[in-house]
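User: I would like to go through some labels used for this model and the grounds for each.

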Amino acid sequence: MRRAGRPSVDTPPHPGLAELTPDARLRRLELTVTRRLDGLLHGQYRGLLPGPGSEPAGSREYRPGEDEVRRMDWAVTARTAVPHVRQVDADRELTTWLLVDSSASMEFGTAELDKRELAVSAVAAVGFLTAGVGNRLGAQVLSADGMRRFPARCGRTHLLGLLRALLAAPRATVPTHRPGPRSATPAPELADGLDALHRVARQRGLVVVVSDFLDGLPDDPDEPPPWERTLRRLSARHQVLAIEVTDPRELELPDVGLITLVDPETGRRREVCTSDRRLRERYAAAAAAQRDQVRAALRRSAATHLALRTDRDVSADIVRHVHAQRRMAAAPAGAARGGAA
C-alpha cells in the first residue's frame, strides 16, 4: 500500500503492476509473493490451509461454530460423552483447483491495484503455497469471452504459465447500454464456473474461488445467490477457500461532487451527487448489507472466507489468514474457547 506523504523529487515514481509488461509484472509478482511468504513455504507440510486430508490423525473436542457436524467422531463421542470431531493429516499429493473471476466487475480499482490484479496476486500466493512434489494445480477462468480451462499439472512452469496468461489476458470492455433484448451470447456466470469445476474436480483436494461474489446476488438478503448451492456441493467433498476481492470505493463514496457511475456488466450509467451526506450514508449502509449477504452465503456453504482489498497488502493478509487457520487447527478445544471468550 502506498505511504502517504509528498513524493521525493530525486526518486522516479515506482511503476505500478499495471504499467509493466506481462513478463515484468510476472517477475515482480513472483519476487514479492515468494519473499513475503517464504516463512510459510518451508517446515511442516500443511499447505495453504490445515488439510485437506484422508489419513486419520486422532480426534479432538468439537468447537461449536467452527467445526462441521459431518466430521463428528461418533465412536469417541459415545465413549467420552463429550462431542469430538475427527482430525486428518494433509495428503502428500494435493490437487488444487482454482476458479478465477475475470469478468467486467473485476476491472474496477481505485488503489494501487485493481480487483483483477489483486485476484492474480491471490492466485500466485495460492500457487506458491500449495506447490510441492506431486502437487497439481488446475484452473477455470471466467471472462466476458467465455470460460478457459487450464488442466491440473505439476511444476513451477505450469504455475508461471497460468499467471502469465492471467496477466496478459485482454481487458473486458464496458458494454454500451441499449434497451431491449441482447443478441450477443451472455457471458458465463459464477454459478456456471462452479458447475464446471464440480465436474472436473473429481479427486478430493482444495478448491479456491477468487471473485467479488457479486454475480447474481439477489436483492432479497434472505434469498440465496445462484452460486451458493454448487459451492455447498463442492464443500461436501473438498476443502473450499473463498477469496473475496473488494475495493474501498465499493464500500463507501468519497465527497467529490457530481460523478457518473457505470455498471461494468451492463453499461448502465447514472449521475449522482456525492456531496449529499445522506446519499453517502445510504450507499455505505447498502454496501455493508451486500457484503454481509456474501459472508452469510459463504458461511452457509461451509467455505473458508478470506477477504482481500485493493488498498491493503495482499501478502500480509494471506500470511495472517494462514497463521490463524493453523493456530485454530493446532490449539486444544479448551484453549480455543478460552481465547474466543
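Analyst: A strand here is a DSSP run of E with at least two residues, numbered from the N terminus. Glu244 is found in one such run, strand S7 (residues 239-246). Note that the model is predicted.

User: Why is Glu244 called buried?

Analyst: Buried means under 20% relative accessible area. Glu244 has 3% relative accessibility, so Glu244 counts as buried.

User: What makes the pair Glu244 and His305 a polar contact?

Analyst: The cut-off for a pair of N or O atoms is 3.5 Å, and one atom must be able to donate a hydrogen and the other to accept it. The side chains of Glu244 and His305 are joined at 2.7 Å, within that cut-off. Glu244 also touches other residues, including Ser211, Asp212, Arg291 and Leu308.

User: Where does Asp212 lie, and why is Asp212 called buried?

Analyst: Asp212 lies in the loop between strand S6 (206-211) and helix H6 (228-237). Its relative accessible area is 0%, and the limit is under 20%, so Asp212 is buried. The side chain of Asp212 makes a polar contact of 2.9 Å with the side chain of Lys115. Among the residues that Asp212 touches are Asp101, Ser105, Met106 and Glu244.

User: Why does Gly205 count as buried?

Analyst: The relative accessibility of Gly205 is 1%, against a limit of under 20%, so Gly205 counts as buried. Gly205 is found in the loop between H5 and S6. The C-alpha atoms of Gly205 and Leu94 are separated by 5.9 Å, although the two residues are 111 residues apart along the chain.

User: How do you know that the span of helix H4 is close to the expected one?

Analyst: The expected span is 1.5 Å times one less than the number of residues. Helix H4 (residues 156-168) has 13 residues, for which 18 Å is expected, and reaches 18 Å from its first C-alpha to its last. The buried residues of H4 include His158, Leu159, Leu162 and Leu166.

User: What makes a set of residues a nonpolar core, and which members touch the most others in the largest?

Analyst: The members must be buried residues of the nonpolar kinds, joined through side-chain atoms within 4.5 Å. The largest such core has 40 residues, of which Leu98 and Ile243 touch the most other members. Helix H3 (residues 115-129) gives the most to this core, with ten residues. Apart from it lies another core, of 23 residues, among them Leu99, Leu197, Val207 and Ala297.

Methods
Residues are numbered from 1 along each chain as its sequence is written. This is a predicted model: local features need pLDDT of at least 70, side-chain atom pairs count only at pLDDT 80 or more; totals for chains, interfaces and linings use all residues. Side-chain values use heavy atoms; hydrogens and water are left out. Helices (H or I, at least four residues) and strands (E, at least two) are DSSP runs, numbered from the N terminus. Buried means under 20% relative accessible area, exposed over 50%, partly exposed in between (1.4 Å probe, protein chains only). Contact means heavy atoms within 4.5 Å. Lists of a residue's contacts leave out its neighbours within four places in sequence.
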